[in-house]
Amino acid sequence: ILSKHIVVLPGDGIGPEVCAEAVRVLRAVADRFGHEFHFDYHLMGACAIDATGSPLPELTLDACHQADAVLLGAIGDPKYDNAPAAPVRPEQGLLRLRKELGLYANIRPVMAYDQLLEHSPLKADRIQGTDMLIFRELTGGVYFGEKGRFNDGNSAYDNCTYSREEIERIAHRAFRAAETRRHKLTLVDKANVLETSRLWRETVQQLAPQYPSVALDYLFVDNAAMQIILNPRQFDVILTENMFGDIISDEASVIAGSLGMLPSASVGDAVALFEPIHGSYPQAKGKGIANPIATILSAAMLLDHFGLTEEAVTVRDAVQHALDQQVVTPELNPATRYTTEQVGSFIAYAVLDIADCEMH
Ligand code: IPM
Ligand code: MN
């Protein structure tokens, strides 16, 4: 039997609720397939600041380093959002964790689900069949450049820096992913304006001959933002820098029908981390209305990462079953009354292959 240690960082807002459902599903997978998953819970984000003063306590960081994988809910609390002068912020915990774990590649799959086509504000015939994979660089760029104030605090700067090595390591991963898919890689940048983007283009172009089966093309990020909702089927694998990837992946979530559907995997040289792309949605905290599917699909990516392909497919099938039966949270179907926990339980039961998974 396979035995794995998974560190869970539920975080803030709806994070604990969606994590609980992903853990429920992982326990069902362990049951059905005879694995042993051990879950250790640790603090990160606003809850960690409240408890320890630090958004990423050393205990949490050490546990993540030791883990086989990390499952994260969400971090962030409105009490910090409009307090620009706050000395510590929940986001610092997440950014430092990504940096410390060396998670340079954030992989965000975007699909149009047939069951949710009518739910997207975009026209169904435009989005049907969309299946793209966004590779977002996660430990460089403007997020991590030198930042500060000058002119007595009246001017500010955030530097954007990339090295050839930082670009190459994620580009190799994106090319390899394209080789296993539809053989198309689109680099999204702003090479008409930014020097860092010109380095991205030059570097990625130089790697292209190593992947002869992959067709490489380029789009400026402003045009890409338009193309993603105009004709999303044209995309297979998208490769982009940190901030562009942050923005276009939220935009692309409209295709899936809800931000609550999009999972992600962050990988690097050692331990990997799995998290939904959505935030902590503080307004929904404790109401049982948060969609757990993004976190459950992140758990499926975690299973893939462990090499448990059949298990991952089972989880994705169980999610499809929930969508087929319209066992979804209210943002996907205002007429249903299913709670976060009911959706999670339904999916966990489907994993266990229990025939009678009618909800009451
Ligand atoms: C994300 C989030 C984070 C980011 C925030 C919370 C720092 O928006 O994971 O996409 O910008 O990377
Ligand atoms: Mn984001």
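The legends below describe several close-up views of a predicted model.

Figure 1. The domain assignment divides the chain into domain 1, made of residues 1–101 + 270–360, and domain 2, made of residues 105–258. The C-alpha centres of domain 1 and domain 2 are separated by 24 Å. Contact between them involves nine residues of domain 1 and 13 residues of domain 2. On the side of domain 1 that touches domain 2, the elements giving two or more residues are helix 5 (90–100) and helix 12 (309–324), and the largest share, three residues, is that of helix 5. Sorted by class, this side of domain 1 has four nonpolar residues, one polar residue and four charged residues.

**Figure 2. The span of a UniProt domain annotation.** An unreviewed UniProt entry carries the annotation "domain: Isopropylmalate dehydrogenase-like", which covers residues 5–347. In the predicted model this span is 42% helix and 18% strand, and the C-alpha atoms at its ends lie 22 Å apart.

**Figure 3. Three aspartates annotated as a binding site.** The annotation "binding site", again from the unreviewed UniProt entry, covers Asp 222, Asp 246 and Asp 250. These residues are spread over 29 residues of sequence, yet they cluster in space, with a largest C-alpha distance of 14.5 Å. Asp 222 belongs to helix 9 (residues 221–230), and Asp 222 counts as partly exposed because 13 other C-beta atoms lie within 10 Å, where a residue would need 20 or more to be buried and 12 or fewer to be exposed. Asp 250 is placed in helix 10 (residues 242–256), and with 15 C-beta neighbours inside 10 Å, Asp 250 is likewise partly exposed.

Figure 4. With 17 other C-beta atoms within 10 Å, Gly 279 is partly exposed. Gly 279 and Gly 73 are 206 residues apart along the chain, while their C-alpha atoms are separated by 8.3 Å.

**Figure 5. The largest nonpolar core.** This core has 110 residues, and those with the most contacts inside it are Val 25, Leu 71, Phe 274, Ala 299, Val 315 and Ile 347. Helix 11 gives the largest share of the core, nine residues. The core lies between domain 1 (1–101 + 270–360) and domain 2 (105–258), because both domains give residues to it. Apart from neighbours within four places in sequence, Val 25 is in contact with Ile 296, Ala 299, Val 315, Gly 344, Ile 347, Ala 348 and Val 351.

**Figure 6. Met 301 and its contacts.** Met 301 is part of helix 11, and it counts as buried, with 23 C-beta neighbours inside 10 Å. Not counting residues up to four places away in sequence, Met 301 touches Pro 263, Ala 265 and Phe 274, and Phe 274 is one of the residues with the most contacts inside the largest nonpolar core. The C-alpha atoms of Met 301 and His 172 are separated by 19 Å, and these residues are 129 residues apart along the chain.

**Figure 7. Two loop residues with positive phi.** Asp 152 has a phi near 55°, which is a positive value in a residue other than glycine. The loop that holds Asp 152 runs between strand 6 (147–150) and strand 7 (155–158), and Asp 152 is exposed, with 6 other C-beta atoms within 10 Å. Phi of Tyr 281 is near 40°, again a positive value in a residue other than glycine. Tyr 281 is located in the loop between strand 12 and helix 11, and with 22 C-beta neighbours inside 10 Å, Tyr 281 counts as buried.

Technical notes. Residues are numbered from 1 along each chain as its sequence is written. Chains are lettered from A and ligands numbered from 1 in the order in which they are written. This is a predicted model: local features need pLDDT of at least 70, side-chain atom pairs count only at pLDDT 80 or more; totals for chains, interfaces and linings use all residues. UniProt positions are given in the numbering used here, feature names are shortened, and annotations may be inferred rather than shown by experiment. Helices (H or I, at least four residues) and strands (E, at least two) are DSSP runs, numbered from the N terminus. Domain bounds come from an automatic or database domain assignment. Two residues are in contact if their C-beta atoms, placed from the backbone, lie within 7 Å. Ala, Val, Leu, Ile, Met, Phe, Trp, Tyr, Cys and Pro count as nonpolar, Asp, Glu, Lys and Arg as charged, and the others, Gly among them, as polar. A nonpolar core is a set of buried Ala, Val, Leu, Ile, Met, Phe, Trp, Tyr and Cys residues joined through C-beta atoms within 7 Å.
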